[in-house]
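Hi everyone, thanks for coming. I'd like to walk you through one protein today, so please have a look at the picture and keep it open while I talk.

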Amino acid sequence: MTTNRILSELAFALADHESAQSGSAHFVDLTTGDLTFIMDDYMFEEGEITEEEICSYKEWEQDAIRTFLNYDLVRIEPIPSHESFRIMEAFTELRSEKEQQRLYKALNGRHPFANFRFAAENLGIIQQWYDFKGQAEARMAEDWLNESGLEVKDGKIILKNATEQAASR
C-alpha cells in the first residue's frame, strides 16, 4: 500500500466519529503494520473470554476477537470535532469576501458541518473544499503518526524506533 493511501485511510479513521460513538474503533496493528477496524462486539479484555467461548462465534468473528486479544494494537481516537471545524474556518478564510459571507453563515448556524458542505456546493467550490480538507486531514494523519511514535515504511505502519534499531545493527 502506498504512503498516500495509508495516510488517506488513517485520515478517515481520525475523522470517524460515528464508529467511536458506537463503541467500535480503528487500530494500527503493529504486528502486520496495517490499519484494522474492530467492532465493539469483538473487543474483549484479556481473560474476559475463554477459547471455548471464542469458538462459539462465526469464523470471521473469531478472527476479529483473536486480533483484538493477541496483537499489539494502537487505538486511533477520532480528532475532536472542533478540529474539523477549524479546517472549515481555515478554508473559509482563503475564499473571496462573498464566499466567506456564505460559508461563515453556514458555520455559525445550526448543523454547521452539513450546512457548510451545502454552501460550498451551492457556491461551486465543493471540489476545492474536498481538496483542502483532504490535504489538512493528511497533515493531521502525519502528525498523529509522529505523536504516536509511528511511521510509514515500505507500505506498512511501524514503530519509529524499529527503523532506528535496524539501522544501528
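Let me start with a question: in which loop is His111 found? His111 is found in the loop between α6 and α7. Those names come from DSSP runs, numbered from the N terminus, where a helix is H or I with at least four residues and a strand is E with at least two. His111 has a phi near 50°, which is a positive value in a residue other than glycine. With a relative accessible area of 54%, His111 is exposed; exposed means over 50%, buried under 20%, and partly exposed in between, using a 1.4 Å probe and protein chains only.

A word on where this comes from. This is a predicted model, with local features needing pLDDT of at least 70 and side-chain atom pairs counting only at pLDDT 80 or more, while totals for chains, interfaces and linings use all residues. Residues are numbered from 1 along each chain as its sequence is written, and side-chain values use heavy atoms, leaving out hydrogens and water.

How confident is the predictor? The mean pLDDT of the protein is 84, and 82% of its residues reach 70 or more; pLDDT is the predictor's confidence in each residue, from 0 to 100. Confidence is highest in helix α6 (residues 97-108), at a mean of 97, and lowest in helix α9 (residues 160-168), at 59. Where pLDDT is low, the predicted coordinates should not be read in detail.

Now the overall picture. The protein has 9 helices and 5 strands, and 35% of its 169 residues are buried.

Next, helix α8. Helix α8 covers residues 126-147, so to speak 22 residues, and spans 31 Å from its first C-alpha to its last. That is close to the 32 Å expected at 1.5 Å a residue, where the expected span is 1.5 Å times one less than the number of residues. The buried residues of α8 include Trp129, Phe132, Glu137 and Trp144. Glu137 has 16% relative accessibility, so it counts as buried. Which residues is Glu137 in contact with, leaving aside neighbours within four places in sequence? They are Ala11, Ala15 and Ile87, where contact means heavy atoms within 4.5 Å.

Helix α5 packs against α8 at an angle of about 130°, with the axes 10 Å apart. Axes here are lines fitted to C-alpha atoms, for helices over the stretch in contact, and angles run from 0 to 180 degrees between N-to-C directions. That makes α5 oblique to α8. On the α5 side, the contact includes Ile87, Met88 and Phe91, and on the α8 side Trp129, Phe132 and Glu137 are among the residues.

What about α5 and α7? The axes of α5 (residues 81-93) and α7 (residues 112-122) come within 11 Å and cross at roughly 25°. The two helices are therefore roughly parallel to each other: angles under 35 degrees count as roughly parallel, over 145 as roughly antiparallel, 65 to 115 as roughly perpendicular, and the rest as oblique. Phe85 and Met88 of α5 and Phe113 and Phe116 of α7 are among the residues making this contact.

One last stop: Asp154 lies in the loop between β4 (150-153) and β5 (156-159). Asp154 has a positive phi too, near 55°, and at 74% relative accessibility Asp154 counts as exposed.
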